[in-house]
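This briefing sets out selected features of the structure shown below, arranged by topic. Please read it with the sequence and the model at hand.

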Amino acid sequence: MDWGMKNRLSQVIQPDGHCFFLPIDHGYFQGPTRCLEKPGETIKPLLSFVDALFVTRGVLRAVVNPDNSKPIILRVSGATSMASGDLANEEITTSIEEIIRLNASAVGISVFIGSDYQRQTLLNLAHLVNDCEDYGIPVMAVTAVGKELEKRDARYLALSCRIAAELGARIVKTYWCEDFQKVVESCPVPVVMAGGPKCESEREVFEFVYDGMQKGAIGINLGRNVWQNAHPVAMARALQAIIHENATAKEAVEIFREVRAKCV
Ligand code: 5RP
């Protein structure tokens with residue numbers, strides 16, 4: 001692996017081999033998502049707990065301080081919206097020149113396996129890998145399901161992750177599921193867990209994150225379950241403990257309660 005690629009990967013994946021990415025890219029198809037109406041305010045208290053931000057170029061330029069930023073994973077696919085049509089109908093939205101200009105440590109792009117836009121989104125991934133590999137920039141593939149959340153089972157996710165890795169993704173982001181080891185074991189590149197819609201309780205989040213880490217994930221890319229929680233700082237600190245300090249779900253609940261008590 002070339003020095004530049006290794007160096008960028010080491011910016012987003014910590015020396016323990018684990019990572020905590022904070023996604024704030026939801027606006028690229030959802031518009032002003034709840035608790036992300038002012039993304040600059042949302043991330044301010046959370047940045048010290050996370051290893052990288054997953055963000056679009058527009059929000060990056062508008063609200064992220066370039067003098068004091070976490071490594072950036074740039075969201076480079078889009079062109080759909082909740083307002084109409086099929087969320088899978090994405091294209092690449094950002095040129096390689098822009099990716100380099102913004103000094104991205106990595107880029108993220110969605111693929112929608114099994115959708116009407118499977119071929120298009122897989123070719124988007126392949127073309128992005130072609131461009132980014134030339135410059136040592138890692139591509140993270142996001143195995144997206146659009147509104148069809150019921151698709152999230154091990155068979156489907158293993159298929160999606162493997163295809164994304166075969167096309168050259170350096171990291172794959174997918175959903176946690178039952179039998180998650182089946183997804184990780186058949187994927188030849190590191191797997192990061194996405195969050196999905198906000199869970200019923202903090203404990204539920206900690207349990208799936210802990211389980212996924214035990215089954216071989218290298219980390220998380222969790223947004224709504226962090227910043228839509230009533231106590232986002234406590235949530236971020238507790239998740240950091242699972243990812244980087246091997247805390248159990250039970251210990252994470254204790255950390256969450258301690259930090260919440262200090263914050264109120
Ligand atoms: C949207 C994304 C988001 O980054 C992803 O959904 C993670 O955020 P959340 O934990 O809120 O689901 O890739 O397609």
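Ala-83 is found in the loop between strand 4 and strand 5. The model is a predicted one, and in it Ala-83 is exposed because 8 other C-beta atoms lie within 10 Å. From C-alpha to C-alpha, Ala-83 and Ser-201 are 29 Å apart in space, and 118 residues separate the two in sequence.

**The chain as a whole**

- The secondary structure of the chain consists of twelve helices and ten strands.
- A compact globule of 264 residues would have a radius of gyration near 18 Å, and the 17 Å of the chain therefore agrees with that expectation.
- Taken along the principal axes, the box filled by the C-alpha atoms comes to roughly 50 × 45 × 40 Å.
- Of the 264 residues in the chain, 48% are buried.

**Residues with positive phi**

- Ala-79 is a residue other than glycine with a positive phi, its value being near 90°.
- Ala-79 is placed in the loop between strand 4 (77-78) and strand 5 (91-92), the loop in which Ala-83 is also found.
- Ala-79 counts as exposed because it has 12 C-beta neighbours inside 10 Å, and the limit for an exposed residue is 12 or fewer.
- Asn-103, which is not a glycine, likewise has a positive phi, of about 60°.
- The loop that holds Asn-103 runs between helix 5 (96-101) and strand 6 (106-111).
- Asn-103 has 13 C-beta neighbours inside 10 Å and therefore counts as partly exposed.

- Ile-99 belongs to helix 5.
- Ile-99 is buried, because 21 other C-beta atoms lie within 10 Å; the threshold for a buried residue is 20 or more.
- Neighbours within four places in sequence left aside, the contacts of Ile-99 are Leu-74, Val-76, Thr-94, Ala-104, Val-107 and Ile-137.
- Leu-74 lies 25 residues from Ile-99 along the chain, and the C-alpha atoms of the two are separated by 7.4 Å.

**Packing of helix 9 against helix 12**

- Helix 9 (residues 202-214) packs with helix 12 (residues 249-263) at an angle of about 140°, the axes being 9 Å apart.
- Helix 9 is therefore oblique to helix 12.
- The crossing of these two helices, helix 9 and helix 12, is right-handed.
- Helix 9 contributes Glu-202, Arg-203, Phe-206, Glu-207 and Tyr-210 to the contact, while helix 12 contributes Ala-249, Ala-252, Val-253 and Phe-256.
- Sorted by class, the residues in the contact of helix 9 with helix 12 are six nonpolar, no polar and three charged.

**Packing of helix 9 against helix 11**

- Helix 9 also packs with helix 11 (residues 232-245), at an angle of about 20° and with the axes 10 Å apart.
- Helix 9 is therefore roughly parallel to helix 11.
- The crossing of helix 9 with helix 11 is right-handed.
- On the side of helix 9, the contact is made by Glu-202, Phe-206, Val-209, Tyr-210 and Met-213, and on the side of helix 11 by Met-235, Ala-238, Leu-239, Ile-242 and Ile-243.
- Nine nonpolar residues, no polar residues and one charged residue make up the contact of helix 9 with helix 11.

**Packing of helix 11 against helix 12**

- The axes of helix 11 and helix 12 cross at roughly 150° and come within 8 Å.
- Helix 11 and helix 12 are roughly antiparallel to each other, because an angle over 145 degrees counts as roughly antiparallel.
- Helix 11 and helix 12 meet in a right-handed crossing.
- The residues of helix 11 in this contact are Val-233, Ala-234, Met-235, Arg-237, Ala-238, Ala-241 and Ile-242, and those of helix 12 are Glu-251, Ala-252, Ile-255, Phe-256, Val-259, Arg-260 and Cys-263.
- The contact of helix 11 with helix 12 comprises eleven nonpolar, no polar and three charged residues.

Notes
Residues numbered from 1 in each chain as written. Predicted model: local features only at pLDDT ≥ 70, side-chain atom pairs only at ≥ 80, totals over all residues. Axes fitted to C-alpha atoms, helices over the stretch in contact; angles between N-to-C directions. Helix = DSSP H or I, 4+ residues; strand = E, 2+ residues; numbered from the N terminus. Parallel < 35°, antiparallel > 145°, perpendicular 65-115°, else oblique. Left-handed = near helix turned anticlockwise from the far one by under 90°. Contact = placed C-beta atoms within 7 Å. Nonpolar A, V, L, I, M, F, W, Y, C, P; charged D, E, K, R; others polar. Rg over C-alpha atoms; globule rule 2.2 N^0.38 Å.
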